[in-house]
Amino acid sequence: MPGEDPYTPTESHYECLGCGKRITTTETHLTCPTCGSTMQNIAVPRE
Ligand SMILES: [Zn+2]
């Protein structure tokens with residue numbers, strides 16, 4: 001993706017089960033920064 005650091009470690013996409021917020025991070029077992037609910041790892045479609 002344009003502007004992304006090419007040396008960034010593998011990231012995962014997470015979606016909040018509470019409010020639906022989506023984030024991309026290298027962390028695991030997250031809680032939502034907005035509402036504190038569990039973040040679920042979601043698959044990222046590739047073209
Ligand atoms: Zn949330």
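This is a predicted model: local features need pLDDT of at least 70, side-chain atom pairs count only at pLDDT 80 or more; totals for chains, interfaces and linings use all residues.
Me: How many helices and strands does the chain have?

Reply: Helices (H or I, at least four residues) and strands (E, at least two) are DSSP runs, numbered from the N terminus. Here there are zero helices and three strands, and the elements follow one another as β-β-β from the N terminus on.

Me: In what order do the strands form the sheet, and is the pairing parallel or antiparallel?

Reply: Strands of a sheet pair through backbone hydrogen bonds, either parallel or antiparallel. Two strands count as paired if DSSP finds at least two bridges between them. In this model the three strands form an open sheet in the order E2-E1-E3, with antiparallel pairing. E2 and E3 are the edge strands, each of them pairing on one side only. From one strand to the next the twist averages 35 degrees, where axes are lines fitted to C-alpha atoms (for helices over the stretch in contact) and angles run from 0 to 180 degrees between N-to-C directions.

Me: Which residues stand opposite one another in these pairings?

Reply: Strand E1 (residues 12–16) is joined to E2 by four bridges, and in E2 the partner of Ser12 is Thr25, while that of Glu15 is Arg22. E1 and E2 form a hairpin with five residues between them, and Gly20 in the turn has a positive phi of about 85 degrees. Four bridges also join E1 to E3, again antiparallel, and Glu15 stands opposite Gln40 in E3.

Me: Is Ser12 buried or exposed, or something in between?

Reply: A residue is buried if 20 or more other C-beta atoms lie within 10 Å of its own, exposed if 12 or fewer, and partly exposed in between, with C-beta atoms placed from the backbone. Ser12 is partly exposed because 16 other C-beta atoms lie within 10 Å. Leaving aside neighbours within four places in sequence, Ser12 is in contact with Thr25 and Asn41. Of the 47 residues of the chain, 6% count as buried.

Me: Where does Pro33 lie, and why does Pro33 count as exposed?

Reply: Pro33 lies in the loop between strand E2 (22–25) and strand E3 (39–42), and counts as exposed because 10 other C-beta atoms lie within 10 Å. Pro33 and Lys21, twelve residues apart in sequence, are 8.9 Å apart in space, C-alpha to C-alpha.

Methods
Residues are numbered from 1 along each chain as its sequence is written. Two residues are in contact if their C-beta atoms, placed from the backbone, lie within 7 Å.
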